Amino acid sequence: MSELTGTRIRTTAVKLGLPHLADALNQYIQRADEAKMGYLDFLDLVLSEELAVKDDRRFRQGLRLSELPHHKTLDDYDFSFQPELDPRKVKDLASLSFVEEKANVALLGPPGVGKTHIAVALAVAACRAGYSIYFTSLDDMVRNLKAAEAAGRLTSKLGTYLRPGVLVVDEVGYQPLERAEANLVFQVISKRYEKGSIILTSNKTFSEWGQVFGDEVLATAILDRLLHHCEVVPINGNSYRLKNRLQAIERDTDVA
């Protein structure tokens with residue numbers, strides 16, 4: 001390939017929004033020469049590599065905008081510490097069929113058992129697969145919606161929670177809500193119904209949601225839409241945080 005041709009290809013690649021091709025052109029040509037590729041194989045190599053780069057860029061951008069507290073995966077989760085939790089059920093969720101079906105996932109259990117970890121891991125998997133994701137605690141969502149409503153921007157702010165393919169709502173039930181606040185939550189759940197997936201974590205059983213939302217009728221309406229298409233995963237084991245704290249205390253005691 002002449003230097004002039006290479007320059008022209010690089011210029012065209014940049015105009016097409018393929019900066020990686022412009023930078024890696026010589027590497028592609030070298031690999032093609034070493035493997036004695038035909039024209040179609042060479043084209044397949046270039047397109048496959050560019051698609052992988054584009055997907056990785058989209059994935060990293062999606063994570064950056066997601067507000068996730070961390071980017072842990074299921075590989076980081078210690079299933080052995082929660083023997084009552086069937087890892088096959090959680091790993092089946094990672095196939096993302098529930099996202100394709102616009103269904104929901106509810107992770108229930110006491111504090112510290114890894115509900116948020118699993119929720120984040122499923123969201124990361126969804127982002128990797130090309131779905132838009134967004135993470136919020138219930139309290140943050142309610143606070144933001146209340147502020148937007150007071151400023152006359154509720155419809156616009158609702159879009160933050162309605163647009164993502166997967167919305168993670170963390171810590172449902174840690175603080176009771178007033179009825180007006182619960183109504184804002186109902187709007188999100190209702191408008192996402194069969195249009196996008198929700199992954200939620202809660203330390204309350206569903207029978208206690210009437211207390212959480214301050215109104216049994218409203219709580220029933222929320223649960224009716226949320227649970228119609230939903231995988232419920234109870235996690236009733238010990239706290240990871242308590243385990244780590246106890247191990248630290250034991251180490252300190254041994255040193256003393």
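In strand S5, Glu-231 is the bridge partner of Val-105. The model is a predicted one, so to speak: local features need pLDDT of at least 70, side-chain atom pairs count only at pLDDT 80 or more, and totals for chains, interfaces and linings use all residues. Residues are numbered from 1 along each chain as its sequence is written, and side-chain values use heavy atoms, with hydrogens and water left out.Strands, like helices, are DSSP runs numbered from the N terminus (at least two residues of E for a strand, at least four of H or I for a helix). Strand S1 (residues 104-108) and S5 run parallel and are joined by 5 bridges; two strands pair if DSSP finds at least two bridges between them.

Now for the second largest pocket, which holds about 210 Å³ of space. A pocket here is an open set of points on a 1 Å grid over the protein atoms alone, where a 1.4 Å probe fits, with protein on both sides within 12 Å along at least five of seven lines; lining residues have an atom within 4 Å of a point. Volume is the space filled by probe spheres set on the points, which are joined across faces, edges and corners. There are 13 lining residues, and Gly-62, Leu-65, Ser-132, Ile-133 and Pro-164 lie nearest the centre. Helix H3 (39-65) and S2 are the elements giving two or more residues to this lining, with H3 supplying the largest share, 4 residues.
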